[in-house]
Amino acid sequence: MTTLFVVCFIAGVGLSVVSFLSGMHAPRGLHLPKAIRHAGAKRSSSMINAAAITAFLTWFGGAGLLLERLTPLITAVIYAGAAVIGAGGGALINAVINALARRESVAQSLSMIGVIARTVVPIRGREGTGEIVFTHAGTRRVAGARSDCGRAIDKGTEVIVTRYERGIAYVATWDDLKEA
């Protein structure tokens, strides 16, 4: 009986640690499923998921060990008590995750075309890359930028994004737009 509780406890803690560490090193730019990306989409979580299972294993194993060592209860009652405590631990973790998910918001999509920005790193002539800063949804953002017409653009110049390709904003000054 002790072996089962120890194995469950170690497996639960081990899976929790692996899950935590793998989440810390998630690559940026992951493509999310369309249902999650879609603005206003609600995410529903199942009562049985990886977090609940690892919490159940950890709480079941830990509670079973404590009940076995610290109480004179019979084996059936220890298993039942450990199962109830494990289910409670899984439900608690689900409640915390769901509370956090309710506060989560879906990022607003951003069409870069027409965005007014300011250069913070000057853009050299043809094929030179600088940097622009702009505000979207109340957040200051930065993007790499090139001159759409091939002219150099000084630092601090107000520009307009005319196209956005492969992570680079192609920009024009107001004077460039007047000439076009």
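**Note on salt bridges, a helix pair and a surface patch**

1. Asp148 and Arg163 form a salt bridge whose closest N and O atoms are 3.0 Å apart, a salt bridge being a side-chain nitrogen of Lys or Arg within 4 Å of a carboxyl oxygen of Asp or Glu. Asp148 lies in the loop between β3 (139-147) and β4, and Arg163 in strand β4, so the pair ties together parts that are 15 residues apart in sequence.

2. This is a predicted model, in which local features need pLDDT of at least 70 and side-chain atom pairs count only at pLDDT 80 or more, while totals for chains, interfaces and linings use all residues. Residues are numbered from 1 along each chain as its sequence is written, and side-chain values use heavy atoms, with hydrogens and water left out.

3. Arg163 also meets Glu165 in a salt bridge (3.1 Å, N to O), and salt bridges that share partners join Asp148, Arg163 and Glu165 into one network. Arg163 is partly exposed at a relative accessible area of 29%, where partly exposed lies between buried (under 20%) and exposed (over 50%), with a 1.4 Å probe and protein chains only.

4. A further salt bridge links the side chains of Arg118 and Glu158 (3.8 Å, N to O). Arg118 lies in strand β1 (residues 116-121) and Glu158 in strand β4 (residues 158-165), so the pair ties together parts that are 40 residues apart in sequence.

5. The axes of helix α3 (residues 50-70) and helix α4 (residues 75-103) come within 7 Å and cross at roughly 145°, with axes fitted to C-alpha atoms over the stretch in contact and angles running from 0 to 180 degrees between N-to-C directions. The residues of this contact divide into 17 nonpolar, 6 polar and 1 charged.

Technical notes:
Helix = DSSP H or I, 4+ residues; strand = E, 2+ residues; numbered from the N terminus. Nonpolar A, V, L, I, M, F, W, Y, C, P; charged D, E, K, R; others polar.
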